[in-house]
Amino acid sequence: MALEKYNQLLKDYVNTSYNDLLRIAENSMLKIMPAFNNIAKDGNGASLILPFICTALASDGKFSELEYRFVKQLINSNLSYDEFKNVVQQYYSAEWIDAVDKLYDVLPTNLKGDLLSFCLCFVAVDETITREENAFIAKLLV
């Protein structure tokens, strides 16, 4: 992807409203989950999608109330902010970024766009994409 097109993609997500990001993430998840359910040894694709959610949220080292509200609405979580923050913090590492990147790389091409869009929603929900979040997204693409 050309740099100018990539930068425009990031800008478009940052400028997308909260409700539209939520809708995009919901639609992407609907497309991703059946494939993840098939891949997961126990048939539960949530075990594969959760690392993408948490790594995207953890990539900048911050977890805001807005990000919490977004993920809570998306996955209908009963966890408190502090409980979910503790989960997210476990994914703040180069090892997790590498792990989700490797999983992303082996997915069928038709799922990559939806999964990229899904991750972009999480990094853009606070109306900014930090250098670290940008690095996470870029790593998925290379």
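Ring pairs join Tyr18, Phe70, Phe118 and Phe122 into a cluster. Rings of Phe, Tyr and Trp (its six-membered ring) pair if their centres lie within 6.5 Å; planes under 30 degrees apart are stacked, over 60 edge-to-face, the rest tilted. The model is predicted: local features need pLDDT of at least 70, side-chain atom pairs count only at pLDDT 80 or more, and totals for chains, interfaces and linings use all residues. Residues are numbered from 1 along each chain as its sequence is written, and side-chain values use heavy atoms, without hydrogens and water.

The structure holds nine aromatic pairs. One is phenylalanine 63 with tyrosine 81: the centres are 5.4 Å apart and the planes at 15 degrees, so this pair is stacked. Phenylalanine 63 sits in the loop between helix 3 (46–58) and helix 4, tyrosine 81 in helix 5, 18 residues apart. Helices are DSSP runs (H or I, at least four residues), numbered from the N terminus. Phenylalanine 63 is buried at 9% relative accessibility; buried means under 20% relative accessible area, with a 1.4 Å probe and protein chains only. Tyrosine 81 is buried too, at 18%.

Phenylalanine 70 belongs to helix 4 and phenylalanine 122 to helix 7 (residues 109–124), 52 residues apart. Phenylalanine 70 is buried at 0%. Phenylalanine 122 is buried, also at 0%.

Now the loop between helix 4 (65–75) and helix 5 (81–89). Serine 77 lies there. Its relative accessibility is 11%, so serine 77 counts as buried. Serine 77 touches Lys72 and Phe84, leaving aside residues up to four places away in sequence; contact means heavy atoms within 4.5 Å.

Methods: Helix = DSSP H or I, 4+ residues; strand = E, 2+ residues; numbered from the N terminus. Buried < 20%, exposed > 50% of the residue type's maximum accessible area, 1.4 Å probe, protein only.
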